[in-house]
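Please keep the sequence and the structure open beside this note while you read. The points below are meant to be checked one at a time against the picture.

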Amino acid sequence: MSLWHGTARAPLHAAGVVDLVQGVAAAFAADGPRPAARPGLRPRPGQLEMALAVAQTLQAGEHLAVEAGTGVGKTFAYLVPVLLSGQRALLSTATQALQDQLFTRDIPAVSRALGLPVRAALLKGRSSYLCLNRLELARTVGSTAQRDPAMAAGLEQVQRWARLTRSGDVGELDGLDERSPLRPLITSTRHNCVGTTCPQAAACHVNLARRQASEADWVVINHHLFFADQVIRETEAVDWLPETGVVVLDEAHQLNDTGVQLLSRSIASDHLRDLARELGVQGQAWARGLRPWAHLALNLDQACRALGSVHRDTATRSRSAWNNATPVGLAPDVWLQAVSGLDQALTAALEAVSATAQSAAELARLLDRIKTLQSTWSHLAPGGPSPVDATSVRWMEWGADRSWRMVRAPLDSAARFSRLVPGSGAAARSWIFASATLGHDDTLDWFTRGLGLADHPTLRTLRVASPFDHGEQASLFVPHDLPEPSDAAHTPVLAARVAQWATRLGGRTLVLTTTLRAASRMAEALNEEVLQGRCAPVQVLAQGRLSRAALLARFRAAASIGHGAILVASASFWEGVDLAGDALQLLVIDKLPFSSPDDPLMAARAERLEAQGLKAFGDAYLPEAAMALKQGAGRLIRTETDRGVLVIGDRRLLTRSYGLQLLGSLPPMRRVVDEADMGAALDALVLTRSSTRARPCS
């Protein structure tokens, strides 16, 4: 079912509306250019409905939030009307991988189908591009990278690639993910970029990408860059992104959380330890002998580690609420001593660079960076202005290897978006928000409330259901005899079941866990099942051991060889994973995805709702869990011919009063009642599998 919700639509006889609407209808007609571009494509009424809604919104100068279920084809449903409108557009999506897909596949396909050329540019954040100047410094100036043979070899590999690349996008480099220690050495930030004084300014990949974006009809970005641009506009009066008549924000369900992340103020041990490394390198390079650079760098690094080593009581989790002078679970005297030591080390670095900044542009930039970090430090650490108010929350995060992060975050992105999206009259630009999951009702309140758009006068909402017949294509099994999710036995017991199910299917199993730690435990338990010979020698692929792209590639390849594979993952794998066809036939979600009890942001949101007379669980935690569950379950059925079983290994769906509400957030599926029924469902998948119909199951 689909319907409009909101203010009355502009009449179709308004100037220009009929032409665009008719053009869109013609493009999606059976004999039109869109179907002709892909012969055999089935008609999608929902796709046409969404495309017409987008067309009407553009012509009226208004705004649209649309939830388009999996299989609707939302990307083409907004690209076609935007292209036919002739307007300049900013297209933003959730990840760089989706950016690349939109730019290299979807936009060219629409342009070819309609016979309308469009100049599109791909623009990512600064840290996605090779910095030629920093690469040269890393290779030539004395540093840890030169002394480490592996790092030195990696830099030479980057140098060879640098001679060939046109875009400078470091994503082209295999094995160089965001955790690589090489990455900060060969990319820049706005704090360490030397700007127009850079000897490589003319060949700068960032500058080239921005010039191309300024000249393009469409600019493809990601949500992080979108919010970063908003922050830069406000703090430095600099525009990264061009003004456009249309803004399309795809995968819009991530906007609120991405906005909170980018609009937060934070300082982390990684920032300061990177500064310590930079202090030693740049000081030695441009002001050798003027200050004890190695000593200053060592003091700063050690002070960072000391703060991360502050003893925390056993009740303190990975995050500590921080409403008073000292974070929860820490001894005040020890905490203040560690904070004071880091403050002194940072001040000493500031004084040293201030005294020598005139020696080189690099040191002047380093000084600006230290000032920015010290400003944030003063704001967040004790002694600064109190960051606790009704609209924000502060906390500490603790990681491995004595790493930490201080954060002050707004509770949501409402304040930002309420200023961005025009409220009434003819808007300067139209905003289109699209996703497969935006809410639980026709008002899409879960989505609009977080962006401050719930009562927006010119924002319409639309829901278009998935065209897939989930009742025919998918089954749902909630085992009633598993241990409680909080029981330590839950993971090994579920792993034993998963191993047997995957053996029956020949792999083709994705296990989604609610935390990375749970993913690691599940992978270990599955490997133990394989090693003990209690199941077929299925390959266990675990997040964190390979890049996301490499894991998915191996999982797909394993479907056609040997005993197949089980992929165990968390976090980003809950969405944006498209394993269509027979590659994935069993999806297991280990537990209900409720927010962690030590999540200060969710706790603050819940507290705000209670102050408004609402219920923390029913109005905060439960809706969030339902949306996450809906996203995760959406990985199973990706096309009209997919078949599969969804297992949710959490008996609370059967025993708690909220279970029916969570089950109601999922598409209707045939229910598997017990283990015998589960075996029959898996055997049916094997028998009907086109690629393995003649191959016996191991």
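1. In this predicted model, histidine 456 counts as buried because its relative accessible area is 12%, and the cut-off for buried is under 20%. To find histidine 456 in the picture, look at the loop that runs between helix 18 (445-450) and strand 12 (459-464).

2. Which backbone atoms lie close enough to the side chain of histidine 456 to be listed with a distance in Å? A polar atom of that side chain lies 3.1 Å from the backbone nitrogen of threonine 458, and a polar atom of the side chain also lies 3.4 Å from the backbone nitrogen of leucine 459.

3. A separate topic is the sheet, which is open and is formed by 4 strands in the order 7-10-9-8, with antiparallel pairing. Strand 7 and strand 8 (319-321) are the edge strands, since each of them pairs on one side only. From one strand to the next, the twist averages 20 degrees.

4. Strand 10 (residues 404-410) deserves a careful look, and 5 of its 7 residues are buried, so that the strand is mostly covered. Strand 10 pairs in the antiparallel sense with strand 7 (residues 265-268) over 4 bridges, and in this pairing isoleucine 267 stands opposite methionine 406 of strand 10.

5. Strand 10 also pairs in the antiparallel sense with strand 9 (residues 392-398), here over 7 bridges, and valine 407 in strand 10 is the bridge partner of tryptophan 395.

6. How many bridges join strand 8 to strand 9? These two strands run antiparallel and are joined by 3 bridges.

7. Helix 13 (residues 269-286) lies across strand 7 and strand 10, and runs at about 55 degrees to strand 7. Helix 14 (residues 293-308), in turn, lies across strand 9 and strand 10, and runs at about 75 degrees to strand 10.

Note on methods
Residues numbered from 1 in each chain as written. Predicted model: local features only at pLDDT ≥ 70, side-chain atom pairs only at ≥ 80, totals over all residues. Heavy atoms only, no water. Buried < 20%, exposed > 50% of the residue type's maximum accessible area, 1.4 Å probe, protein only. Pairing = 2+ DSSP bridges. Polar contact = N/O pair within 3.5 Å; in protein donor to acceptor, adjacent residues only side chain to side chain. Axes fitted to C-alpha atoms, helices over the stretch in contact; angles between N-to-C directions. Contact = heavy atoms within 4.5 Å.
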